[in-house]
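Me: I have a model open and want a quick tour. Can you walk me through it?

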Amino acid sequence: MDFDWSPAEIAFREEVRAFIAEELTEDVAGSIFIDTPARIEFVTKMADRGWLGMGFPEEYGGSATPVPLAPFILNAELDRAGAPIIGKNVGTIASTIYHVASEEMKKDFLPKIFRNEGQWAITYTEPNAGTDLGSMQCRAVDKGDHFEVSGMKHFITSAHFCRWHWMALRTDPDAPKHKGISIFIVDHDTPGLSLSRMDTLGREGTTHRTNQVFFDKMKIPRSRLVGEQNKGFYYMMQALDYERFAILSFASRVRRFDNIVGWFRRADLNGERPAQDPHTRRSLARMAARVEVGTMLERLAICRAQEAVPDVEASMNKVWGASIGDEFAQLALDLLGPLGGLWGGEHSPFDGALADEYLMAGHARVAAGGVDTSKSIVARRLLGLPNALGKPELPQR
Ligand SMILES: Cc1cc2nc3c(=O)[nH]c(=O)nc-3n(C[C@H](O)[C@H](O)[C@H](O)COP(=O)(O)OP(=O)(O)OC[C@H]3O[C@@H](n4cnc5c(N)ncnc54)[C@H](O)[C@@H]3O)c2cc1C
């Protein structure tokens with residue numbers, strides 16, 4: 001496999017970098033979310049260039065892609081720059097709509113996504129159904145022309161600024177747990193839907209704010225059922241394989257590592273140059289190799305995604321990416337002592353970014369398909385180890 005970018009891919013990457021250099025103002029940078037007027041405008045400018053619908057057919061509002069990997073190059077460059085990313089709306093939701101939804105739904109929603117006409121919340125998690133999404137209980141009762149929902153979800157990140165929910169609900173309580181879930185598109189202003197704020201660790205602009213979402217006899221029209229009824233679990237799993245590398249690319253880790261190295265190059269602590277310390281140099285060199293492995297693993301998953309659902313590669317990428325986040329935090333504390341933990345102020349290296357990384361490391365381990373479940377996927381599907389019930393699975397490759 002050739003890991004180098006082709007001249008056409010490099011040319012597109014340069015075009016994206018020029019766009020970011022021109023358009024990424026201070027009020028846009030610093031968050032991956034499309035949650036403020038300035039960030040919405042920034043993403044709409046990309047939509048105007050046809051960058052959100054790259055590779056999707058024109059009849060759904062898509063546009064030609066300059067190179068097959070252009071959407072991933074774009075997402076990675078945005079992430080590297082600390083700009084709002086397109087991975088969730090395009091990589092997860094539009095891809096699933098395109099592959100499984102009705103013609104009517106594709107024509108309705110894909111152009112809206114590609115024009116950046118509204119934001120999405122992914123609304124899956126319940127108090128007793130996080131990693132084990134198959135255990136979700138919140139029911140959508142089939143009433144013929146609509147479904148009725150009462151219950152709640154929690155940890156829903158973008159619910160306070162979204163227009164639509166990409167929502168998983170139980171539609172058959174009697175079926176085996178993975179076979180009774182369906183996906184719906186729900187307008188956020190549907191009567192019967194309400195929110196309450198749910199804060200987690202981290203600063204504003206990170207995933208600091210999530211939400212509890214409540215439903216009281218909320219009605220969802222049947223036309224908003226995505227794909228086939230009771231196939232939702234499979235759609236979620238497929239989307240997660242993309243999420244494991246589409247939502248948070250590895251590029252932001254590369255940026256943070258570059259910042260760390262840049263800081264050490266310049267640092268002078270009361271006449272001492274930490275960059276000359278052998279332990280510091282060895283630690284940074286070791287981390288440089290690990291960062292490069294992460295970049296390569298991500299590229300492997302992206303290339304695999306051109307041919308098939310990249311389940312194993314995306315899982316390896318997820319495990320590595322989340323672990324590196326932990327390691328950055330440890331590295332900062334190891335090399336910088338108390339300075340590494342500072343969250344702001346003039347002595348805080350990297351404007352507290354490593355303290356952010358430390359606080360968010362736990363989230364990265366469980367979000368978007370989780371490290372533990374990703375290890376399970378690699379164990380079963382690549383290595384052919386038995387699953388938790390002792391049932392052997394043949395390796396797929
Ligand atoms: C900041 C933040 C934002 C979030 N945003 C969203 C969102 O927008 N939408 C949404 O739907 N959800 C969201 N979540 C929820 C997130 O996806 C869940 O927290 C995650 O799925 C874990 O679920 P849980 O918290 O119930 O923990 P649990 O599922 O109880 O897991 C606890 C621990 O046990 C491990 N574990 C569980 N099952 C297994 C297993 N079978 N094998 C090995 N290890 C296992 C897990 O890896 C984890 O370490 C968010 C969470 C956070 C913290």
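Reply: Val-141 is partly exposed, because it has 14 other C-beta atoms within 10 Å. The cut-offs: 20 or more other C-beta atoms within 10 Å means buried, 12 or fewer means exposed, and partly exposed is in between, with C-beta atoms placed from the backbone. This is a predicted model: local features need pLDDT of at least 70, side-chain atom pairs count only at pLDDT 80 or more, and totals for chains, interfaces and linings use all residues. Residues are numbered from 1 along each chain as its sequence is written.

Me: Which strand is Val-141 found in, and which residues is Val-141 in contact with?

Reply: Val-141 belongs to strand 2 (residues 139-142). Helices (H or I, at least four residues) and strands (E, at least two) are DSSP runs, numbered from the N terminus. Leaving aside neighbours within four places in sequence, Val-141 is in contact with Phe-147 and Glu-148. Contact means C-beta atoms, placed from the backbone, within 7 Å.

Me: Switching to strand 4. Why is strand 4 largely enclosed?

Reply: 7 of the 7 residues of strand 4 (residues 164-170) are buried, so the rest of the structure largely encloses this strand. Both faces are covered. Trp-164, Trp-166, Ala-168 and Arg-170 are buried on one side, and His-165, Met-167 and Leu-169 are buried on the other.

Me: Why list them in two sets?

Reply: Side chains in a regular strand alternate between the two faces of the sheet.

Me: Parallel or antiparallel: how do strand 4 and strand 5 pair?

Reply: Strand 4 and strand 5 (residues 181-187) pair in the antiparallel sense, over 7 bridges. Pairing requires that DSSP finds at least two bridges between the strands. Met-167 has Phe-184 of strand 5 as its bridge partner. Strand 1 and strand 4 run parallel, joined by 4 bridges. There, Ile-122 stands opposite Trp-166 of strand 4.

Me: Which residues touch the most other members of the largest nonpolar core?

Reply: Ala-168 and Phe-184, out of 101 residues in that core. Helix 9 (residues 311-336) gives the largest share of this core, 12 residues. A nonpolar core is a set of buried Ala, Val, Leu, Ile, Met, Phe, Trp, Tyr and Cys residues joined through C-beta atoms within 7 Å. Beyond four places in sequence, the contacts of Ala-168 include Tyr-124, Leu-133 and Met-136.

Me: Now the ligand. How many residues surround the ligand?

Reply: 20 residues, and the closest are Tyr-124, Gly-130, Thr-131, Thr-157 and Asp-372. Near means a C-beta atom, placed from the backbone, within 6 Å of the molecule. By class, the shell has 6 nonpolar, 12 polar and 2 charged residues. Here Ala, Val, Leu, Ile, Met, Phe, Trp, Tyr, Cys and Pro count as nonpolar, Asp, Glu, Lys and Arg as charged, and the others, Gly among them, as polar. Helix 11 supplies the largest share of the shell, 3 residues.

Me: Which domains does the shell draw at least three residues from?

Reply: Domain 2 (121-235) and domain 3 (250-382), at least three from each. The bounds come from an automatic or database domain assignment. The C-alpha centres of domain 2 and domain 3 lie 32 Å apart. Between them, 8 residues of domain 2 are in contact with 7 residues of domain 3. On the domain 2 side, strand 6 (residues 193-204) gives the largest share, 4 residues.

Key. Contact = placed C-beta atoms within 7 Å.
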